[in-house]
Amino acid sequence: MTAESSGRAPHAGAGASYAAAGVDIEAGDRAVELMKEWVKKTQRPEVLGGLGGFAGLFDASALKRFERPLLASATDGVGTKVDIARQLGVYDTIGHDLVAMVMDDIVVCGAEPLFMTDYICVGKVHPERVAAIVKGIAEGCVLAGCALVGGETAEHPGLLGPDDFDVAGAGTGVVEADRLLGADRIRTGDAVIAMAASGLHSNGYSLVRHVLLKQGGLALDAHIEEFGRTLGEELLVPTRIYSLDCLALTRTTDVHAYSHVTGGGLAANLARVIPDTLHAIVDRSTWTPAPVFDLVGKTGAVERLELEKTLNMGVGMIAIVPEDSADVALATLADRGVEAWVAGEITDRGDHATGAELVGDYARN
């Protein structure tokens, strides 16, 4: 892990009363000690060193197994979902969301996740809280198959409240050049396979918070019968990490492209990987969105198209495969515990203005 003065301590400033200004270096040191065991669990053989260095080291000679290795990188955060975690005092799940947002972007091109760094900004360092956040990030890295090689904890008194925090991360992966996935591989007749989301994931929480907590006046500790748990528990369900599932799929069948469904919704993200001459049609009747999406829609009188361009509506990842490979793809995902189904197909673009659209009505239980 990188260091400023104590492994993950805040940037030092001039003057002899840093503590009086609200920065607690000793608390940062304790946070580092508490997180060490979790970071260690993420290590890959290529990682050199450990906590305390200025830079995380990864042995690039491991890339010699590639003919022409392409490095893929991504960076992201979790958005206002962190405020739900803050209100509930739950800090060990938000890291899963961070890893998913970064590494599931990287795997879209077929890249194997290699390593990740994180940035945690807090109003006041509470060592146990910071360690819990890093624990979640480390657990997410294990699920994604990558190492957590660096990080920074910054304390910003006066800018953030004592209990406020935010997280961000950056990751790197690698893919063989001739195995790069994307629009140029997609063909007419390909099957569009949807992989179920675990919940809201980590997008649209500004809308969700406004509708459910402000307009609807719902309490986070309110039990919601349709969920079988409290509203807060539902809103904090971690984003599913699909990285290893997607890599397994590329080993068993001829995947042409992936699309990670994040901000902008299913149609907009799918359109990003569709070539100009083709069009993706996704049939809503092939699945039933989870109750939380219906609750947001009804509570805020949110129109369906607004919901669909803000939330994932129950689909977190899309795979595009040849039609005759769909059964193998579904079997592979089922073996890995991923609920998936054929949700649509690729057609000629024709007069369609965009690369993807949703048709029909959602199935209802």
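Two strands are taken to pair if DSSP finds at least two bridges between them. Helices (H or I, at least four residues) and strands (E, at least two) are DSSP runs, numbered from the N terminus. The model is predicted: local features need pLDDT of at least 70, side-chain atom pairs count only at pLDDT 80 or more, and totals for chains, interfaces and linings use all residues. Residues are numbered from 1 along each chain as its sequence is written, and side-chain values use heavy atoms, with hydrogens and water left out.

**View 1. The six-stranded open sheet and the pairing of β10 with β12.**
The strand order is β10-β12-β7-β13-β11-β14, and the pairing is mixed. At the edges, β10 (257-260) and β14 (356-359) each pair on one side only. The twist averages 25° from one strand to the next; axes are lines fitted to C-alpha atoms, for helices over the stretch in contact, and angles run from 0 to 180 degrees between N-to-C directions. Strands β10 and β12 run antiparallel and are joined by four bridges, with Ala257 opposite Ile320 in β12. Helix α7 packs on the sheet, touching β7, β10 and β12, and its direction makes about 165° with that of β10; contact means heavy atoms within 4.5 Å.

Helix α11 lies across β7, β12 and β13 and runs at about 10° to β7. In α11 (residues 326-335), Ala326, Ala329, Thr332 and Leu333 are buried (under 20% relative accessible area; exposed is over 50% and partly exposed in between, with a 1.4 Å probe and protein chains only). These residues cover an arc of only 125° around the axis, which puts them on the same side of α11; the arc is that of the directions from the helix axis to the C-beta atoms. Asp327, Ala334 and Asp335 are exposed on the other side of α11. The cover over the buried residues includes β7 (191-196), α7 (243-252), β12 (315-321) and β13 (340-348). Just after α11, Gly337 has a positive phi of about 80°.

Strand β4 (residues 112-122) pairs with β5 in the parallel sense over eight bridges, and Gly151 in β5 is the bridge partner of Asp118.

**View 2. The contact of helices α2 and α5.**
Helices α2 (residues 81-88) and α5 (residues 205-215) pack at an angle of about 50°, with their axes 8 Å apart. The two helices are therefore oblique to each other (angles under 35 degrees count as roughly parallel, over 145 as roughly antiparallel, 65 to 115 as roughly perpendicular and the rest as oblique). Lys81, Asp83, Ile84 and Gln87 in α2 meet Tyr205, Arg209 and Leu213 in α5.

Most residues other than glycine have a negative phi. His201, in the loop between β7 and α5, has a positive phi near 60° and is buried, with a relative accessible area of 2%. Ala301, in the loop between α9 (291-300) and α10 (304-308), has a positive phi of about 50° and is exposed, with a relative accessible area of 67%.
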